[in-house]
Every structure is written in structure tokens, then in C-alpha cells.
Amino acid sequence: MLKVVAPMAGITNADFLNKVIPYGFNVATLGGYSLDDPTIDASKKIIERGRKEFDFPLDMIFSHIGNEVASIKKVHPNVKVSANVRATNPQPIIEAGNIKDLDIVEINCHCRQDEILAIGCGQNMLNRPDLSDFISQIVDNVKSEVSVKIRANVEGTDTFEIAGLIEDAGADYLHIDAMKKGVFDADWELLEKICSNVDIKVIGNNSVNSEDNVKKMLSTGVDGFSIARSVISGNLDFNISNY
């Protein structure tokens, strides 16, 4: 069972992850990181308006990620380390996916910050006509496994169809924030539908904030779950070790 610390911009660095992994996580996700000029510029704009965000120049970002991976592996050698990344073309993500000891490179098709959306990244990646090829290029050229994190129920997209596209493109994991507009709960029915119709490993995200909701998430058929906000304080108030 995959138990994932999900990425939160400006928060999930190695120090934070080393602190929360002992709560029972077996996958730790660094990031999200911007890897090319357009996404780095967008990150700077996000920071300027007061939101926390990782900010590294191109000549530092890949070595920084490598150092962060090494810092986690030194303390938790048996935990898989993932890096959630975004770029406007596949090449920087391919470079990230070949960082030493990085187990999973995760393509960010999830962020909804306006500055990221304006350059066609984040959840707007789901509207790219070349999304399948974008993912396949990365899958074919990295040593790591590949995850794609998406937001469900994005206007103008069919999450079920996108799940099939990501599977067909060869990704190893589909990480779904099962968000549903106007509902303060995960879209459990959508998760169950996807899990019943794909063979790719599905990681469910959203509303995993109690043991009852861990059980509810697992009942949909996911291969694992991810937690973000519930560990934002550096603590976890419920037990995931038995799952």
C-alpha cells in the first residue's frame, strides 16, 4: 500500500519530509518545483503576491533536488522519494527523472495558481492536445518511475478519459486529487469508477484527514493514498501505520 506525503509548494523539502515520514509514509514527495524559465518566472510572481513557493534558478534547481533526495535517503533509505515538477516541455522533467536515487518523477498537471495556468501548466496541462506524447517522451527517457498528478473534475475535461490517456502513455502512477466543485469531500464515485477501469496504480488524494476517510479512500480500490494538509503542521493526528 502506497502511503504518500503529497507535495505542498514551499513546504515539502527534505527537512520537513524527514520529520513526517515516521508517521507511516513509504513515499515522500519533494516539491512542487519549477524547472524551466516560464515556470520559474511564474513561481516568482506567486511569491511576489505573498504565497509560499519554491524558487531556484535553472543553474541550481537540479543539483538542489539531488541534494534533497540524498538527504532523505540518508535517513530513510527504504522510502521511495518522488519529486513533483512542472515545465512547459518534457526535457527538464526528463533531466529531473534521471537524478541519482530519485525513485519517481511526478508530472504536475494539478496546480491551479493563475500564474501557472497562464503558461499552460498545472491543471491546464489536461487541455494540451499533445499530453499523451508529453508523458510518453518522459516515460521513455528516464530511469525513475513516472507519476502524473491531476486534479479531477476540471471544467472542460473528462477525468475518466484523461486517466485512460495517462495509462496508455505508459506512466506508472496516476495521482488524483479527487476534488469536486462545491463539495467539501472527495469524489469517491469517480475514484471507484477509475480504479475499476484502469490497470495503472492509482493514488487517491483529497479528504484523507481521518482513519475513517482512509478506509473510505481504500474502499474505492486505490493502490494508495496521499496526505498533504493533514501533515502541514509537521504532525499527523491519526494512525496510518496499519494500512
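How much space lies in the largest pocket? About 880 Å³ of space lies there. The legends below describe close-up views of a predicted model.

**View 1. The largest pocket and its lining.** The lining consists of 37 residues. Those that lie nearest the centre of the pocket are His110, Arg151, Asp177, Ala228 and Arg229. At least two lining residues come from each of the strands β3 (80–86), β5 (145–151) and β8 (224–227). Sorted by class, the lining holds 13 nonpolar, 12 polar and 12 charged residues.

**View 2. The second largest pocket.** Its volume is about 190 Å³. Arg112, Gln123, Arg151, Ala152, Asn153, Val154, Glu155, Met179, Lys180 and Lys181 line this pocket. Five of these residues are charged, three nonpolar and two polar.

View 3. Two aromatic pairs are found in the whole structure. In one of them, the ring centres of Tyr33 and Phe54 are 4.9 Å apart and the planes meet at 40°, so the pair is tilted. Tyr33 belongs to strand β2 (residues 27–34) and Phe54 to the loop between α2 (37–48) and α3 (58–75), so the contact ties together parts 21 residues apart in sequence. Both are buried: Tyr33 has a relative accessible area of 0%, and Phe54 one of 11%. Tyr33 also pairs edge-to-face with Phe56, at 6.4 Å centre to centre and 65° between the planes. Phe56 lies in the loop between α2 and α3, 23 residues from Tyr33. Phe56 counts as buried at 19% relative accessibility, under the 20% cut-off.

**View 4. Lys193 and the ring of Phe160.** The charged end of Lys193 sits over this ring, 4.4 Å from the ring centre.

Key. Residues are numbered from 1 along each chain as its sequence is written. This is a predicted model: local features need pLDDT of at least 70, side-chain atom pairs count only at pLDDT 80 or more; totals for chains, interfaces and linings use all residues. Side-chain values use heavy atoms; hydrogens and water are left out. On a 1 Å grid over the protein atoms alone, a cavity is a set of points where a 1.4 Å probe fits but cannot get out, and a pocket is an open set with protein on both sides within 12 Å along at least five of seven lines; lining residues have an atom within 4 Å of a point. Grid points are joined across faces, edges and corners, and a volume is the space filled by probe spheres set on the points. Helices (H or I, at least four residues) and strands (E, at least two) are DSSP runs, numbered from the N terminus. Ala, Val, Leu, Ile, Met, Phe, Trp, Tyr, Cys and Pro count as nonpolar, Asp, Glu, Lys and Arg as charged, and the others, Gly among them, as polar. Rings of Phe, Tyr and Trp (its six-membered ring) pair if their centres lie within 6.5 Å; planes under 30 degrees apart count as stacked, over 60 as edge-to-face and the rest as tilted. Buried means under 20% relative accessible area, exposed over 50%, partly exposed in between (1.4 Å probe, protein chains only). A charge sits over a ring if NZ of Lys or CZ of Arg is within 6 Å of the ring centre and within 35 degrees of the ring normal.
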